[in-house]
Amino acid sequence: MHIERIFIKVKSCVILIACLWAGASAVAQQDLAVKAFVEAAGNGHAGDNTPFWMVANKFGLSSVDNSAYLRGSMDLQYKFGDNWRLEAGLDLVGAVGMDANFFVQQAYADIYYRWLGLSVGSRERSFPLLNKELSSGSLVVSDNARPIPQVRFGAFDYVQIWPRFGLKAELSFGWFTDGRFQKDFVDEHNYYSEKVLYHHKSFYMRIGLPEGRWVWEMGYRLDSQFGGKKTDNATGEVFDNGGGWKRYWHALIPQKGDSETTLGDQVQYEGNILGSEFLKLTHNNDLFSLSAYLENYFDDFSGMGKLNGFDGLWGIEYKGHKFKYIDNAVFEYYQSTHQSGPLHGLDFDDMALKTGGADDYYNNFFYTGWEHWGYSLGTPLSVSPVYNDNGSLRFYYNRVRAFHVAFSGDLSDEVSYVGRFTHSRTWGTPYMPIPDVKKSVSAAIEIDYSPAGLKSWHFRFGVGGDVSDVYGDNIGLSVAVRKCFDIVK
């Protein structure tokens, strides 16, 4: 697409936002709040790729190449009646150096009645039990990839059943939007998937007063890819899983696939199913809060039963209440090397059949992988397929051990910062091990400047680098300027 066409689309975005602005102002009232921002940002690097922490956990608003974008966003919140609330937003991006020159980053409408919510559309949502700014990311759906449009229903925030006991639960169905991207990315030796559907369900509980001395949280989520069509460029074969209500029902309640495929007495369920179990214990006092947590990833019963050893995301989070220079810090250890053992179980004894193994995290024989627009939907520490140079969208480095440290604070009333440092090693995959361990060291720091004399202006400057056998040796700079508007307060 020529640069002139990009500017035409960006101009249309500005006109649309202006119309929304005028409409919101016309119906302004006490219970309506409308905010907007316009942002320009860019990354530049020397080396093989943009540094890892300038790409990861940006909701897909990033690129391994030099890139820049112009972004316009507006969202509103409207309370009506005693128990109803509406949230809606539109977020449009024109870009160069990314996988698309113009795209809708967010477009959503959420309606709530008391604690019950219905959400329709594409919205950036972080895993609420992890530190959005500092964590390396949730293992199932993190902030790493572009949002998946979906219809969500449930209690999105904790509902206090009793003073010391809260619950939240939700389910959703959605649609992957990267079918054309996959077709263009893969070469004649690989396969791609189109019209793939998405399903999610989760249940979490909280024990203890929300701001009490001790709080215990635990929960479970299950996600899946289902339906869709696979095209194998190497053979020319096309495999269609179809659609229809039957597929949605099989995703809601996992059932045996139509192919009648089994391993011994193990049923192979339809679709690519994966999930995680999460445990978190938090201690609060007047000076700080300290949390310890574990997210256990699984994609079959062996992982669900924690037969995958120390695999998972292990973390400690610190939140300070008094010392502003380091007010948040996270230390995490991520491991995915066990994968329930080296053997899958086919043609082995009963014990192997029961325990499984070689789980090959994030990969699947039908779907290219647990990715969206080339970026890992789960942790970015399993190298995203967008880095592949062999025309495939599979994960080639999913056996990983990594240490991650991040911290943030305020240097003054106008200046804040975030620092990240990660050391990782990878052994390839269970089916494609690599002869030599590949090591990576990645670091980045971002400075946010919000001058008091320029109300609602925000400036962000970043520098990052890698010394890596996977990402290459890189150094990069980033800059962003954002202007915020309170259209209706």
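Glutamine 339 counts as buried, at 1% relative accessibility, where buried means under 20% relative accessible area, exposed over 50%, and partly exposed in between (1.4 Å probe, protein chains only). This is a predicted model, in which local features need pLDDT of at least 70 and side-chain atom pairs count only at pLDDT 80 or more, while totals for chains, interfaces and linings use all residues. Residues are numbered from 1 along each chain as its sequence is written, and side-chain values use heavy atoms, with hydrogens and water left out.

**Glutamine 339**
- Glutamine 339 sits in the loop between strand S18 (328-335) and helix H5 (350-355); helices (H or I, at least four residues) and strands (E, at least two) are DSSP runs, numbered from the N terminus.
- A polar atom of the glutamine 339 side chain lies 2.6 Å from the backbone nitrogen of aspartate 360, and a polar atom of that side chain lies 3.3 Å from the backbone oxygen of asparagine 398.

**Aspartate 223**
- Aspartate 223 belongs to strand S10 (residues 214-226) and is buried, with a relative accessible area of 0%.
- The side chain of aspartate 223 has a polar contact of 2.6 Å with the side chain of tyrosine 198, and another of 2.8 Å with the side chain of arginine 221; a polar contact is a pair of N or O atoms within 3.5 Å, and within protein one must be able to donate a hydrogen and the other to accept it, while residues adjacent in sequence count only if both atoms are side-chain atoms.

**Aspartate 436**
- Aspartate 436 is part of strand S23 (residues 433-449) and is exposed, with a relative accessible area of 58%.
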